[in-house]
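Here is a short briefing to read alongside the model. Take a look at the sequence and structure first, and then we can walk through the sheet and the aromatic rings.

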Amino acid sequence: MPFINTKYSAEISLEQEREIKARFAEAVRLIGKTENWLMVGFEQGCSLYFKGEKSEKIAFVEVSLYGGASASSYGQMTAEICKILNDVLGVPADKVYVKYSPVDNWGWNGGNF
């Protein structure tokens with residue numbers, strides 16, 4: 001049950017959202033998950049600062065998932081997220097932060113897993 005939420009400093013077109021979502025759906029396999037339970041969110045036009053400066057292209061990506069993954073899987077996922085955001089939005093890898101939050105309790109459909 002991953003949820004990938006991307007905060008981005010500029011606007012994202014619907015076409016870009018769809019491409020990122022599709023590529024995230026493939027990338028979650030790196031952390032042992034599938035698109036069947038994937039939720040993706042976008043927050044665009046965020047006011048983000050890094051190293052004291054407001055960057056034109058900067059992103060903060062939060063990956064929440066039920067259970068967890070190995071450190072190497074997280075590393076592969078981070079590399080892929082950076083590649084996707086660079087390919088689709090032109091965000092340099094050094095302007096992307098990725099936060100992983102493994103979760104023990106996850107609710108859905110009126111109950112918990």
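In which sense do strand β1 and β2 pair, and over how many bridges? Strand β1 (residues 3–8) pairs with β2 in the parallel sense, over 5 bridges. This is a predicted model, where local features need pLDDT of at least 70, side-chain atom pairs count only at pLDDT 80 or more, and totals for chains, interfaces and linings use all residues. Residues are numbered from 1 along each chain as its sequence is written, and side-chain values use heavy atoms, leaving out hydrogens and water.

**The sheet**
- An open sheet of 4 strands runs in the order β2-β1-β5-β6, with mixed pairing (strands are DSSP E runs of at least two residues, numbered from the N terminus; two of them pair if DSSP finds at least two bridges between them).
- β2 (39–43) and β6 (96–103) are the edges: each has a single partner strand, so one side of each lacks a neighbour in the sheet.
- I4 has V40 in β2 as its bridge partner.

**The aromatic cluster**
- W37, Y66, W108 and F113 form one aromatic cluster (rings of Phe, Tyr and Trp, the last by its six-membered ring, pair if their centres lie within 6.5 Å; planes under 30 degrees apart are stacked, over 60 edge-to-face, the rest tilted).
- The whole structure holds 6 aromatic pairs.
- W37 lies in the loop between α1 and β2 and W108 in strand β7 (residues 107–108), so their pair ties together parts 71 residues apart in sequence.
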